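Please keep the sequence and the structure in view while reading.

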Amino acid sequence: MTAPGELIIEPQNGQPADACVFIMHGLGADGHDFEPLVPALTLPKDAHVRFIMPHAPRLPVTINGGMVMPAWYDILAMDLGRRVDETQLKKSAERLQSLIQEQLDQGIDSQRIIVAGFSQGGAVAYQAALSFPQPLGGLLAMSTYFATADNIELADANRQLVIEVHHGNFDPIVPEALGRSGVERLKEMDYNVNYRLYTMAHALCPQQVNDIGKWLSERLA
């Protein structure tokens, strides 16, 4: 396992950041995977947002024949419940929480911190955001699943967290039913969740990018 780092993109207007968005990439990718998303969001010119995109460590992945690749955790089986190594997942979530704490220590208000994740990164984002002890500004889960729903220790500080979940109706990697089941579990836990379904596979689409830009602008206004 190599020591991971993160891609940091400072506000485009050159001003000091007063908000932060974390984006966790999917299996086999790295933080640069979402680098093109930042300018495509067309955030307001007066938005002082820092984007942080951590890189996953390299791990052997069981479902890929033990091949070593960037991964937040091992996936043990691609069954309906998606069996994963929860110890590794929670370790990745703790790393994300430590990065969030670094932003708090630099003076960013916790409620101006957004946590987002795609696929594997979304499962980490669920765990990190819902168990974080200070109130965050929002959670965006994209083409993902709620892997730790059965044993997560929910933080009271984020019981009112604004949650946005996106999925593609033709997703061959993470079936839409798996993503939707996570939304239903969140609702059973009394979270207010907005679910958006897009005509796409395991990816992002232009309409979704537009929606993400609007959502972030509203959350960080």
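## Helix 3 and the protein interior

In helix 3, the buried residues are Gln-120, Gly-121, Gly-122, Ala-123, Val-124, Ala-125, Tyr-126, Gln-127, Ala-128, Ala-129 and Leu-130. Here buried means under 20% relative accessible area, exposed means over 50%, and partly exposed lies in between (1.4 Å probe, protein chains only). Helices (H or I, at least four residues) and strands (E, at least two) are DSSP runs numbered from the N terminus. Since 11 of the 11 residues of helix 3 are buried, the helix is largely enclosed by the rest of the structure.

The model is predicted: local features need pLDDT of at least 70 and side-chain atom pairs count only at pLDDT 80 or more, while totals for chains, interfaces and linings use all residues. Residues are numbered from 1 along each chain as its sequence is written, and side-chain values use heavy atoms, with hydrogens and water left out.

**Nonpolar cores.** A nonpolar core is a set of buried Ala, Val, Leu, Ile, Met, Phe, Trp, Tyr and Cys residues joined through side-chain atoms within 4.5 Å. The largest one has 45 residues, and Tyr-73, Leu-130, Leu-139, Tyr-145 and Ile-163 have the most contacts inside it. Elements that give two or more residues to this core include strand 2 (19-24), helix 2 (86-105), strand 10 (163-168) and helix 4 (176-188). Helix 3 gives the most, with 7 residues. Another core, of 22 residues, lies apart from it and has Ile-23, Phe-34, Phe-118 and Leu-140 among its members.

| Residue | Element | Relative accessible area |
|---|---|---|
| Val-124 | helix 3 | 0% |
| His-167 | strand 10 | 1% |
| Pro-70 | strand 5 (residues 67-70) | 15% |

Contact means heavy atoms within 4.5 Å. Leaving aside neighbours within four places in sequence, Val-124 is in contact with Met-24, Trp-72, Tyr-73, Leu-89, Ser-92, Ala-93 and Leu-96. Val-124 and Lys-91 are 33 residues apart in sequence, and their C-alpha atoms are 9.1 Å apart in space.

With the same exclusion, His-167 touches residues including Ser-143, Thr-144, Glu-176, Tyr-195 and Met-200. A polar atom of the His-167 side chain lies 2.7 Å from the backbone oxygen of Val-174.

Pro-70 and Arg-95 are 25 residues apart in sequence and 15 Å apart in space, C-alpha to C-alpha.

**The cavity.** A cavity is a set of points, on a 1 Å grid over the protein atoms alone, where a 1.4 Å probe fits but cannot get out; lining residues have an atom within 4 Å of a point. Points are joined across faces, edges and corners, and a volume is the space filled by probe spheres set on them. A search of the whole structure finds 1 cavity of 30 Å³ or more, and the largest cavity has a volume of about 50 Å³. Its lining consists of Val-21, Ile-23, Leu-37, Ile-114, Ala-116, Leu-140, Met-142, Ile-212, Trp-215 and Leu-216. Helix 5 (206-219) is one of the elements that supply at least two lining residues, and the largest share, 3 residues, comes from helix 5.

Methods. Polar contact = N/O pair within 3.5 Å; in protein donor to acceptor, adjacent residues only side chain to side chain. 1 Å grid on protein atoms, 1.4 Å probe; cavity = no way out; pocket = protein on both sides within 12 Å on 5 of 7 lines; lining within 4 Å.
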